[in-house]
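Could you walk me through this protein, from its overall layout down to a few charged side chains?

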Amino acid sequence: QVQLVESGGGLVQPGESLRLSCATSGFTFSNVPMKWYRQAPGKEREEVARITNSGGVTYYADSVKGRFTISRDNAKNTVYLQMSNLKPEDTAVYYCRVLTAGGVHWGQGTQVTVSS
């Protein structure tokens with residue numbers, strides 16, 4: 001019932017930007033925090049950003065601080081991740097995540113590749 005659908009990934013050169021979107025359904029989006037994670041080949045999945053239900057408080061991993069911006073549009077049930085000054089080490093599959101009464105839910109992921 002809960003669905004999270006990421007989009008916006010692609011292949012970019014270092015220094016370029018991408019905007020990821022996560023469209024959601026099946027729960028009361030405006031009541032819960034949302035998170036973005038990423039997983040690179042051979043590495044553990046790691047949290048990169050989170051945002052409160054109202055959007056007033058955000059968190060970023062040190063590796064992306066100053067380059068990534070998380071935001072949400074509660075009217076559209078969508079959370080975004082604006083990524084600028086991308087680096088090769090940002091290459092990963094990016095996932096959005098939510099915890100509801102039914103448990104943790106993940107999207108299918110969207111691939112971001114940063115390469116010259």
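**A walk through the chain**

Starting at the N terminus, the elements of the chain follow one another as β-β-β-β-β-β-β-β-β-β-β. Counted up, that makes eleven strands and zero helices. Please keep in mind as you look around that this is a predicted model.

Let us begin with the overall form. Along the principal axes, the C-alpha atoms of the chain fill a box of roughly 40 × 25 × 20 Å. A compact globule of 116 residues would have a radius of gyration near 13 Å, and the chain agrees with this because its own value is 13 Å. Of the 116 residues, 40% count as buried.

Now for the way the strands are arranged. Four strands form an open sheet, and their order is β1-β3-β8-β7 with antiparallel pairing. The edges of this sheet are taken by β1 (3-7) and β7, each with a single partner strand, so one side of each has no neighbour in the sheet. On average, neighbouring strands of this sheet are turned by 15° against each other, direction ignored. Within the sheet, strand β3 (residues 18-25) and β8 run antiparallel and are joined by six bridges. To find one place where these two strands face each other, look for Leu18, which stands opposite Met83 in β8.

The antiparallel strands β4 and β5 (residues 46-51) are joined by five bridges. They form a hairpin with six residues between them, and in its turn Gly42 has a positive phi of about 80°. Across this pair, Arg38 stands opposite Glu46 in β5. Going on from β5, you find three bridges that join β5 to β6, again in an antiparallel arrangement. Here Arg50 has Tyr59 in β6 as its bridge partner. The strands β5 and β6 also form a hairpin with six residues between them, where Gly55 takes a positive phi near 85°.

With the strands in place, we can turn to the charged side chains. Side chains of opposite charge can pair when their charged atoms come close. How many salt bridges are there? The count comes to four.

One of them joins Asp90 and Arg38, whose closest N and O atoms are 2.9 Å apart. This pair links distant parts of the chain, since Asp90 lies in the loop between β8 (78-83) and β9 while Arg38 belongs to strand β4 (residues 34-39), 52 residues apart. Both Asp90 and Arg38 are buried.

Asp90 has a salt bridge with Arg67 as well, and in this case the closest N and O atoms are 2.7 Å apart. Again distant parts of the chain are linked: Arg67 sits in the loop between β6 (58-60) and β7 (68-73), Asp90 in the loop between β8 and β9, and the two are 23 residues apart. Are these two partners buried or exposed? Arg67 counts as buried because its relative accessibility is 10%, and Asp90 is buried with a relative accessible area of 0%. If you step back, you will see that Arg38, Glu46, Arg67 and Asp90 are linked in a network of salt bridges.

Another salt bridge is found where the side chains of Arg50 and Glu47 meet, at 2.6 Å from N to O. Glu47 counts as buried because its relative accessibility is 17%, whereas Arg50 is partly exposed, with a relative accessible area of 33%.

Our last stop is a charged residue without such a partner. Arg97 lies in strand β9 (residues 92-100). Arg97 is buried yet has no salt bridge. What is the nearest side chain of opposite charge? It belongs to Glu47, which is 6.9 Å away from Arg97, while a salt bridge calls for atoms within 4 Å. Leaving aside neighbours within four places in sequence, Arg97 is in contact with Leu4, Met34, Lys35, Tyr37, Val104, His105 and Trp106.

Conventions:
Residues are numbered from 1 along each chain as its sequence is written. This is a predicted model: local features need pLDDT of at least 70, side-chain atom pairs count only at pLDDT 80 or more; totals for chains, interfaces and linings use all residues. Side-chain values use heavy atoms; hydrogens and water are left out. Buried means under 20% relative accessible area, exposed over 50%, partly exposed in between (1.4 Å probe, protein chains only). Lys and Arg count as positive and Asp and Glu as negative; His and the chain ends are not counted. Contact means heavy atoms within 4.5 Å. Two strands pair if DSSP finds at least two bridges between them. Axes are lines fitted to C-alpha atoms, for helices over the stretch in contact, and angles run from 0 to 180 degrees between N-to-C directions. The radius of gyration is taken over C-alpha atoms; the globule rule is 2.2 Å times the number of residues to the power 0.38.
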